[in-house]
Amino acid sequence: MDDVALVREKIDLVALIGETVSLKRAGKNFKGLCPFHSEKSPSFMVSPERQIWHCFGCQKGGDCFSFIMEQEHIEFVEALRILAKRAGIELQQSPIATGIAAKKERLYEANKLALDFYHYLLTEHKSGAQAREYLNTRKMGEKIWQTFKLGFAPDQRDALTNYLLKRKHFKLEELLEVGLSTRTRSGVIDFFWNRLMFPLYDHRDNVVGFAGRLLIPSDHGPKYINTKETLIYHKGQTFFAIQVTKEHLRKTNQAILVEGEFDALTCFQAGITNVLAVKGTALTEQQVTLLSRYVNKVTMCFDGDSAGQEAIKRSIPLLEKKNLQTTVVIIPNGKDPDEAIKNNELGFKQALKHDIPVYDYLFDESIKGQDKASAQGKRNIVESFLPVVATIENSVVREHYLKKLSAALDTSYESLNREIERIERPLETQKGEIVQSEKQTRQERLEEYLVSLIVQHDDPKTAVLQIITALDSSLNNERAYQKIIFHLLTFVKTLQQAMFDHEVFLHHLPEELTTIYNKSLLFPLPKLTPEDYLVEISKTAGQLKEMYLRERIQELGKQIKQKEAEDKLEEVEQLEAESVEITKQLQAMNVK
Ligand code: ZN
């Protein structure tokens with residue numbers, strides 16, 4: 001067995017997907033909300049039997065490898081490595097990363113070496129003395145330096161570049177590409193120098209970049225600088241501290257979000273270990289997706305300034321879309337968590353316990369400083385809070401806040417409701433997610449349903465025998481589902497005494513139909529008793545037969561006209577006879 005097959009066999013797809021998607025039993029399959037598109041009712045299906053998945057909303061699907069590739073935005077080789085590690089399988093042929101994957105690995109490696117270099121200078125080297133001193137004044141203990149692998153970039157402008165070029169044999173292009181070095185008029189130098197270094201990891205423990213903070217504010221550029229966008233570092237897709245805190249997030253099912261590196265470190269040191277630093281203002285969609293894989297609750301602990309407020313507002317629709325419960329902490333005794341904890345650790349922890357549901361928080365914020373009695377005041381409040389309410393997807397929750405607003409302003413619920421509809425309309429058009437199955441005709445939907453009924457039956461052979469008489473002669477063989485029905489009919493005829501075996505059947509099926517066949521195995525079927533099940537199959541086959549016959553009559557009608565025009569009367573007669581025959585069949589069916 002080759003590596004790929006071995007890994008596929010060892011991985012339990014339901015358990016793998018179950019880590020990030022909440023799956024519920026649905027007959028032979030499991031279903032849940034799709035992690036790859038936004039939906040309210042589950043159309044994401046997993047088959048434990050076949051070890052495959054498919055989403056009937058966005059039409060993505062595949063096996064364990066394609067799931068990881070889709071989830072992590074990575075290539076096959078990387079997915080194989082991750083899953084082999086998970087399955088405890090030592091890969092026999094070490095997969096040779098090529099192209100982008102190979103390049104990425106070189107860049108990770110360069111960052112890893114830079115991390116060790118910076119960390120050594122901070123913890124061991126005399127050049128790091130000033131940085132150590134600085135961390136001490138900020139009351140950041142050595143354990144934190146170690147846990148988060150903090151570092152120091154020395155004042156010597158080419159220290160790291162030289163080290164990686166001469167000692168580690170990296171190419172200059174690679175160092176420029178990963179953002180560790182930069183080209184200036186006087187040559188290539190280190191991107192970071194004389195800065196305290198915070199490594200940035202992705203959630204798979206790769207070092208993707210760094211944030212560097214000036215020790216002493218000066219005119220050498222901004223207080224903080226980050227690695228530029230590179231092949232492996234994308235601003236807005238990472239959180240500082242994730243490599244350390246992700247397990248704590250999972251355990252507590254809550255993420256405390258703070259703005260800066262020191263906020264996160266101070267929290268962690270104070271025992272608030274489920275913390276992440278956003279390193280920007282508003283959350284991005286990728287960050288929210290990442291969060292939703294670890295937690296159900298997100299608590300925002302942003303600075304009280306207007307940028308922090310704006311960040312909260314802008315993040316809500318994304319959090320709401322992922323069904324994350326969101327709360328806000330009002331920071332006591334300081335402008336940010338770092339300061340607040342230093343001033344009064346207990347007070348801060350208490351504030352954390354009294355986190356406020358985000359909508360209540362924003363409600364209070366929009367009322368603050370406004371005159372509720374004046375028309376202008378009311379208008380200001382409505383203008384600031386109503387767009388927030390419009391993002392609430394749950395209608396009960398939405399009604400709650402509309403009523404709260406209506407009571408506070410002494411304005412009728414109806415007028416607020418009308419106002420919100422006005423806001424909503426443009427939002428609706430933005431959504432525009434087209435569910436592909438909508439495009440199917442009724443006939444195509446029936447075919448998909450019939451194939452799914454058959455292949456998900458405990459004994460597909462019996463199921464096929466149920467429809468043979470109905471469909472054998474009338475079936476078209478043009479579209480994919482029709483072709484599968486055709487192959488099912490032919491295959492079952494060859495079976496005689498043998499049982500239906502999915503693997504054997506798949507062998508008979510042309511390869512281009514495999515995906516659709518697998519999809520049918522996952523199609524969400526209604527609950528049916530064994531008796532009803534066969535009845536449903538017959539009924540569906542009957543409906544299809546009728547459609548096929550009507551189609552045929554139309555087609556015959558066209559052909560007859562054409563042949564008449566060509567004066568081929570003998571052929572016309574033949575076609576008419578067939579048409580009469582089909583009409584009789586249709587009449588007989590309708591009598592039944
Ligand atoms: Zn989907």
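## Domain layout

Taken over C-alpha atoms, the centres of domain 2 and domain 5 sit 65 Å apart. The model is predicted, so local features need pLDDT of at least 70 and side-chain atom pairs count only at pLDDT 80 or more, while totals for chains, interfaces and linings use all residues. Residues are numbered from 1 along each chain as its sequence is written, and side-chain values use heavy atoms, with hydrogens and water left out.

The protein's domain assignment lists domain 1 (3–87), domain 2 (101–233), domain 3 (242–354), domain 4 (363–430) and domain 5 (442–591). Bounds like these come from an automatic or database domain assignment.

## The four-stranded sheet

Here's an open sheet with the order β6-β9-β10-β11 and antiparallel pairing. Its edge strands, β6 (151–153) and β11 (224–226), each pair on one side only, and the twist averages 35° from one strand to the next. Strands are DSSP runs of E with at least two residues, helices are runs of H or I with at least four, and both are numbered from the N terminus; two strands pair if DSSP finds at least two bridges between them.

Seven bridges hold the antiparallel pair of β9 (residues 195–201) and β10 (residues 207–214), and M197 stands opposite G212 in β10. Helix α5 (residues 99–123) lies across β6, β9 and β10, at about 35° to β10. Contact here means heavy atoms within 4.5 Å; axes are lines fitted to C-alpha atoms, for helices over the stretch in contact, with angles from 0 to 180 degrees between N-to-C directions.

## The five-stranded sheet

Another open sheet runs β13-β12-β14-β15-β16, and its pairing is mixed. β13 (275–277) and β16 (356–357) are at the edges with a single partner strand each, so one side of each has no neighbour in the sheet.

Inside this sheet, β12 (residues 254–258) and β14 (residues 297–300) run parallel and are joined by four bridges. A255 has V298 in β14 as its bridge partner.

## One cavity

On a 1 Å grid over the protein atoms alone, a cavity is a set of points where a 1.4 Å probe fits but cannot get out, and lining residues have an atom within 4 Å of a point. Counting those of 30 Å³ or more gives one cavity.

Note on methods. On a 1 Å grid over the protein atoms alone, a cavity is a set of points where a 1.4 Å probe fits but cannot get out, and a pocket is an open set with protein on both sides within 12 Å along at least five of seven lines; lining residues have an atom within 4 Å of a point. Grid points are joined across faces, edges and corners, and a volume is the space filled by probe spheres set on the points.
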